[in-house]
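Have the sequence and the 3D view open as you read.

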Amino acid sequence: MKRRVFINGIGAVTTQGVWRPDFFSAAREIDQAITTADQPSYKGLASPAAIRRMSRGMKMGMYAAQQALAEAAVTTPDAIITGTGLGCSEDSDKFLRSMWENDEQFLTPTSFIQSTHNTVAAQIALQLSCKGYNVTHVNGASSFESALLDTLLLLVSGEHKNVLLGGIDEVAKQTYAFLQAAGYIKADGVRETVKNSLSPGVNYAEGACFFSMGIDQTETSYGEVVDIALQNELDIAETGSFLQDFLTTNDIQPTTIDAVVLGYNGDEQDDLFYIAIQQILPFATPLYYKQLSGQFDSCSAFGLTVAASVLQQQTVPSMLYWNDKSLPKTVWKNILIYNHYRGKDHSLVFVRAC
């Protein structure tokens, strides 16, 4: 019998604050080109001296990890797996700027040491004394999905019972200035939400979402992650076959999918892919999240929190559903998550109620 994989705890630090019972009902739409996360108090996370040396990404990741483990009543996970697109880019910026300003001489190593992509997972492991499997996946906009796939393989194989899974990315001034100059991010001063976007580019942000994943269902379980599929590049005409192959593999009828979580981000070219998927699944209720999370490489982790919350609470907050019509369903059993960015890094994740 195939082992099942459950989401037993969630932790998050995002533009909407930290994970809490009214997380979605109290949410607000993002309408700025770049939005930083609403930072909590990190008192007690580590010593004050250590906290001062940490980047935002590291602090967000450690806080969210603690939340997820506490909710699942797990003291030390068997493994830690994270996904990040740009890693600790703030420290990378600091180190490169220091190299430039000091003519590559007399450099302090701290920013370099903390700039590696696996820094967050490593610090969490040190804090928890977790000496097990520890891997960080860096794969563009499907970094979190790659980490999720690794998690499923590890748990289904029976090697481990509990895995701490996370997605983290942070805003770094210089890095995001380059992305903005390339047209990936909306220009400063443009105040548009995903729903009323008229200009090219997206609203960028940052965040950390962590999940305590396990093979045992508990009282706190949000739902079950059934399967995931990744595809590097597709054109719009190929999205249908990508979806159909995934449904066939998992013996899923399109009419049984209650909701599809879509990553509309306000960029006209990107949104065409989501429109195509939505047309293929006319009976699935469309739910949206990037108007709340912003776009960043691991923001699909935020999309998983949407699906998990709906499955557990059996309600859809109004901020996740844009249509003027009332919700066509009241019972939520099967939810599909589709994400991509700039026509690359496509992913499908299927989750269902426990």
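**Cavities in the model**

Helix H6 gives the most to the lining of the second largest cavity, with three residues. This is a predicted model. A search of the whole structure finds two cavities of 30 Å³ or more. Each is taken in turn below.

**Second largest cavity**

- The volume of the second largest cavity is about 40 Å³.
- Its lining consists of Phe144, Glu145, Leu148, Ser300, Leu304, Ile337 and Val349.
- Two elements give two or more residues to this lining: helix H6 (143–156) and helix H11 (300–313).
- By class, five of the lining residues are nonpolar, one is polar and one is charged.
- Glu145 is the charged residue of this lining, and Ser300 is the polar one.

**Largest cavity**

- The largest cavity holds about 70 Å³ of space.
- Among the residues that line the largest cavity are Gly57, Thr82, Thr84, Gly87, Cys88 and His117.
- Val120, Ala121, Thr136, Ile168, Asp169 and Glu170 also belong to the lining of the largest cavity.
- Helix H5 (119–128) and strand S5 (162–169) are the elements that give two or more residues to the lining of the largest cavity.
- Four residues of the lining of the largest cavity are nonpolar, six are polar and two are charged.
- Asp169 and Glu170 are the two charged residues there.

**How such spaces are found**

- Empty space shows up when a probe the size of a water molecule is rolled over the atoms.

Methods. Residues are numbered from 1 along each chain as its sequence is written. This is a predicted model: local features need pLDDT of at least 70, side-chain atom pairs count only at pLDDT 80 or more; totals for chains, interfaces and linings use all residues. Side-chain values use heavy atoms; hydrogens and water are left out. On a 1 Å grid over the protein atoms alone, a cavity is a set of points where a 1.4 Å probe fits but cannot get out, and a pocket is an open set with protein on both sides within 12 Å along at least five of seven lines; lining residues have an atom within 4 Å of a point. Grid points are joined across faces, edges and corners, and a volume is the space filled by probe spheres set on the points. Helices (H or I, at least four residues) and strands (E, at least two) are DSSP runs, numbered from the N terminus.
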